[in-house]
Amino acid sequence: MRPSRLLPLIIATALFMENTDSTVISTSLPMIAQSLGTDPIALKLALTSYLVSLAIFIPISGWMADKYGARTIFTAAIGVFMAGSLACAGANSLEWFVIARFIQGAGGAMMVPVGRLVLLRSVARSEVVQALATLTIPALVGPIVGPPLGGFITTYFDWRWIFFINIPIGILGIVLATIYVPNIKEEDTPPLDVIGFLLSGFGFALLMLGFASGGRHLIPAEISTGCVVIGAICLVLYVVHAKRTPYPVLHLGLLKIPTFRISVVGGFLFRVGIGAIPFLLPLMLQVGFGLSPLASGSLTFIAAVGALFMKTMAKRILERTGFRRLLIINAFIGAAFVAANGFFTPETPHWLIMIILLVGGCFRSLQFTSLNAIGYAEISNREMSYATSLSSALQQVSLSIGVAFGAFVLETAASLDGDATITAADFGPAFWAVATVSALAGFVFIGLAPTAGAEMSGHRIVKEKPASTGLGDGMSGR
């Protein structure tokens, strides 16, 4: 079997485990909060602690893969993720659960980025879109089975059992990776940028912790504000440091490449809205509408079905539209479906909710496949590890901001009602706010050249006179 078919299936075991874990947790949030004796909104800390860990360790994932071998790091990361899963199952307080999720994130930070790095270095450019789609097709089975499975376990058994699902999957992933994944290394790996790692790690961690802890949970508001300020200062210092070191842990110079820069910035904005959905939607269905975890999961899984269906069509759609046109139009469509969640009420028919979630999942999946491909259109193999590290780190920051921003608007809407009790009506403003941020991505993608990524999508552009484009040759993606 060709690398473009075999490797994605093996790497997908890690993505399957990670996606299953995140979806079962989202479905079980209210019951976990009740068991730990805390407010459901407080569990945004558990979601963001995982994302904080990703943002800290993803920047060195590429360097570790280059230094010690992609297979070595990939299999070790699966082991760490499994250990974090066991720690989550044993949690008896919010603080313990937050720390356990952080450990899981340390494993996740290496699993998926390193796996994607192996894939990008092993297949031809013309096969990248198909390989990425093949990678995510098995992985999307996780979000399909995760919500109903998590809801069933939480409703009829105990939420702690949902974390044991990862153990057999992780063992299978380690065995397959040991046999089939090449242990790709770089012969002349530069030294690790320790100062840059500390500045970026503390910067991302404090910034995201400050946003996530805002409100009435765990730490005082003054400390949350201090975290944001200190985190921002650390990131500014990192930018200054990165300009002076030859091998920065996050290679900001890659942002000079037009396709990479636009995919990162536009993807950041789009993911803010998408990142809030796993937090807001189960809470709305269970806390706002009074559904059981099983009933909630039996509705939300349908979005992953739409995403899975779209993965089979992504390449053919890109061949017809090209990256630029698709990313612009689809950003507004995807944002509209995020906003549509805010119009649901307890009286909304479940079949209508499922149709909207299904179609919304299709458009979001198409956008992510396109973003993940166009971002590497002009990246050389030598720069691939730097590009995956920077892109993946910023993706996690955007998802974390989405959770924190959505929770902030939700808490604000609840407080305006006169008390802190969350009602179904409070979720509308939260969905509409995060959807607005996602829609802004459409304006960013206007900066792409009409021919950007043409060699990856197979889209044929009819050449016009140079004066009619008004865009530089550097953005062509050739």
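This is a predicted model: local features need pLDDT of at least 70, side-chain atom pairs count only at pLDDT 80 or more; totals for chains, interfaces and linings use all residues.
The protein has 478 residues, and 58% of them count as buried. Its secondary structure consists of 20 helices and zero strands. The accessible surface comes to about 18,600 Å², and carbon and sulfur atoms hold 69% of that surface. Contacts can also be sorted by how far apart the partners sit in the sequence. Among contacts in the protein with a separation of 6 or more, 86% are between residues 24 or more positions apart.

The buried residues of α13 are Ile302, Ala303, Ala304, Gly306, Ala307, Met310 and Lys311. As a general point, an α-helix has 3.6 residues a turn, so residues three or four places apart point the same way.

Next comes the packing of two helices. Helix α12 (residues 293-300) packs against helix α16 (residues 350-374), with the axes 9 Å apart and at an angle of about 45°. On the α12 side, the contact is made by Ser298, Leu299 and Thr300. On the α16 side, His350, Met354 and Leu357 take part. Sorted by class, this contact has three nonpolar residues, three polar residues and no charged ones.

Aromatic rings are another feature to follow. A pair of such rings is described by the distance of the centres and the angle of the planes. The whole structure contains 13 aromatic pairs. One of them joins Phe97 and Phe163 in an edge-to-face arrangement, with 6.0 Å from centre to centre and 70° between the planes. Phe97 lies in helix α5 (residues 94-122), while Phe163 lies in the loop between α7 (141-156) and α8 (166-180). The two residues are 66 residues apart, and their pair links distant parts of the chain. Both Phe97 and Phe163 are buried.

Phe332 and Phe443 form another edge-to-face pair, with centres 5.4 Å apart and planes at 80°. This pair also links distant parts of the chain: Phe332 belongs to helix α15 (residues 323-340) and Phe443 to helix α19 (residues 441-444), 111 residues apart. Phe332 counts as partly exposed because its relative accessibility is 33%. Phe443 is exposed, because its relative accessible area is 53%, and the cut-off for exposed is over 50%. Elsewhere, ring pairs link Phe57, Phe102 and Phe197 into a cluster.

Two alanines complete the tour. Ala424 sits in the loop between α17 (384-416) and α18 (427-439). With a relative accessible area of 19%, Ala424 is buried, because the limit is under 20%. Apart from neighbours within four places in sequence, Ala424 is in contact with Gly288, Phe289 and Pro346. From C-alpha to C-alpha, Ala424 and Phe344 are 8.7 Å apart in space, although 80 residues separate them in sequence.

Ala414 lies in helix α17. Its relative accessibility is 2%, so Ala414 counts as buried. Ala414 and Phe427 are 13 residues apart in sequence, and the distance between their C-alpha atoms is 8.9 Å.

Conventions
Residues are numbered from 1 along each chain as its sequence is written. Side-chain values use heavy atoms; hydrogens and water are left out. Buried means under 20% relative accessible area, exposed over 50%, partly exposed in between (1.4 Å probe, protein chains only). Helices (H or I, at least four residues) and strands (E, at least two) are DSSP runs, numbered from the N terminus. Rings of Phe, Tyr and Trp (its six-membered ring) pair if their centres lie within 6.5 Å; planes under 30 degrees apart count as stacked, over 60 as edge-to-face and the rest as tilted. Contact means heavy atoms within 4.5 Å. Accessible areas come from the Shrake-Rupley method with a 1.4 Å probe; for residues, only the protein chains shown count as cover. Axes are lines fitted to C-alpha atoms, for helices over the stretch in contact, and angles run from 0 to 180 degrees between N-to-C directions. Ala, Val, Leu, Ile, Met, Phe, Trp, Tyr, Cys and Pro count as nonpolar, Asp, Glu, Lys and Arg as charged, and the others, Gly among them, as polar.
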